[in-house]
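Okay, thanks for coming, everyone. I'd like to walk you through one model today, so let me put it on the screen.

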Amino acid sequence: KTPPELANVYVQSGHTGAINAVCFSPDGRFVFSGSDDGTIKMWEASSGREVRRFIGHTSGINAIASSPDGKYMVSGTINILNLWDVSTGKEIRQFPGHFGSIVYTIAFSPDGKFIMSGSDDKTLKLWDVSTGEEIRQFKGHSAAIMSVVFSSDGRLVLSGGNDNTLRLWEVLTGREIKQFVGHPQWVRSVAISKDNKLALSGSIDGTIKL
């Protein structure tokens, strides 16, 4: 018998390939999933019903993120990022730049004006959402970048990668502020606390570090 606290949990299925990325809409009403089948699906969280599909990718989806206002969704594949209108499922523009590389991680800035992407080309790139223009690159990692997150004030970015490090960057200049060294193996996930005082990392070494 299903416990009462799990009564509204659903199994959402429909992709024909591995699911590499998921995220909630800011209001929590919807879930987005990106798959190796080249599609992104939008699901109603309360029912598990498929609401919309985002179709047009030329390869599998490795990363997705929802804008803070919920109007847009961005996806990362090989070479490019794609920006989508959530209300229609239509592609708005592409952000080419990680040529010949897989985009593993994407994040919107807190004000929704910028996107940061990380790739196995060892760079982070900052993009203008309204124009698709690449504003600057952040170089320093010596291996693929697997996770990126903005600080709550949008001034800093934290990244983690397969060089076993976390790196903190100044968004305005692209300057590397500091490194966090301690994982003996790849860093796959990073987070920053709301007060911007703590960094959290997860690694394939089986540990979480604060």
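So, to start: how many salt bridges does the structure hold? The answer is eight, where a salt bridge is a side-chain nitrogen of Lys or Arg within 4 Å of a carboxyl oxygen of Asp or Glu.

Quick housekeeping before I go on. This is a predicted model, so local features need pLDDT of at least 70 and side-chain atom pairs count only at pLDDT 80 or more, while totals for chains, interfaces and linings use all residues. Residues are numbered from 1 along each chain as its sequence is written, and side-chain values use heavy atoms, with hydrogens and water left out.

Back to the charges. Side chains of opposite charge can pair when their charged atoms come close. Take Arg167 and Asp163, whose side chains form a salt bridge with 3.3 Å from N to O. Buried or exposed, these two? Both Arg167 and Asp163 are buried. For the cut-offs, buried means under 20% relative accessible area, exposed means over 50%, and partly exposed is in between, using a 1.4 Å probe and protein chains only.

Now look at Arg155 and Asp153, which meet in a salt bridge at 4.0 Å, N to O. Arg155 is exposed because its relative accessible area is 59%, and Asp153, at 42%, counts as partly exposed. Then there's Glu44 with Arg49, where the closest N and O atoms are 3.7 Å apart. Arg49 has a relative accessible area of 47%, so it is partly exposed. And we have a network, too: salt bridges link Lys41, Glu50 and Arg53.

Let's move to the strands. Strands of a sheet pair through backbone hydrogen bonds, either parallel or antiparallel. Here, two strands pair if DSSP finds at least two bridges between them.

What's the strand order in the open sheet of four? It goes 1-2-3-4, with antiparallel pairing. Strand 1 and strand 4 (50-55) are at the edges with a single partner strand each, so one side of each has no neighbour in the sheet. From one strand to the next, the twist averages 20 degrees; that uses axes fitted as lines to C-alpha atoms, with angles running from 0 to 180 degrees between N-to-C directions. Within this sheet, strand 3 (residues 39-44) and strand 4 pair antiparallel over five bridges, and Ile40 has Phe54 in strand 4 as its bridge partner.

Further along, strand 6 (residues 72-76) pairs with strand 7 (residues 78-85), antiparallel, over five bridges. Those two make a hairpin with one residue between them, and Val74 stands opposite Leu83 in strand 7. Strand 7 also runs antiparallel to strand 8 (residues 91-108), joined by seven bridges. Here Asn79 sits opposite His98 in strand 8. This second hairpin has five residues between its strands, and Gly89 in the turn has a positive phi of about 80 degrees.

While we're on phi: most residues other than glycine have a negative phi, and most peptide bonds are trans. Which residues go the other way? Lys122 has a positive phi near 75 degrees, and Asn164 has a positive phi near 75 degrees as well. Lys122 is in the loop between strand 9 (114-119) and strand 10 (123-128), and Asn164 is in the loop between strand 13 (156-161) and strand 14 (165-170).

Pro26 is in the loop between strand 1 (19-24) and strand 2 (30-35). What does Pro26 touch, not counting residues up to four places away in sequence? The list is Ser66, Ser67, Pro68, Asp69 and Gly70, with contact meaning heavy atoms within 4.5 Å. Gly70, for its part, is in the loop between strand 5 (63-66) and strand 6, and its contacts beyond four places in sequence are Pro26 and Val86.

Last stop, the surface. Leu198, Leu200, Ile208 and Leu210 form a nonpolar patch with about 440 Å² of accessible area together. Patch residues have over 30% relative accessible area and no salt bridge, with like charges joined within 9 Å and nonpolar side chains (Val, Leu, Ile, Met, Phe, Trp, Tyr) within 5 Å. The areas come from the Shrake-Rupley method with a 1.4 Å probe, and for residues only the protein chains shown count as cover. Leu210 lies in the segment after strand 18 (208-209), and it counts as exposed because its relative accessibility is 75%.
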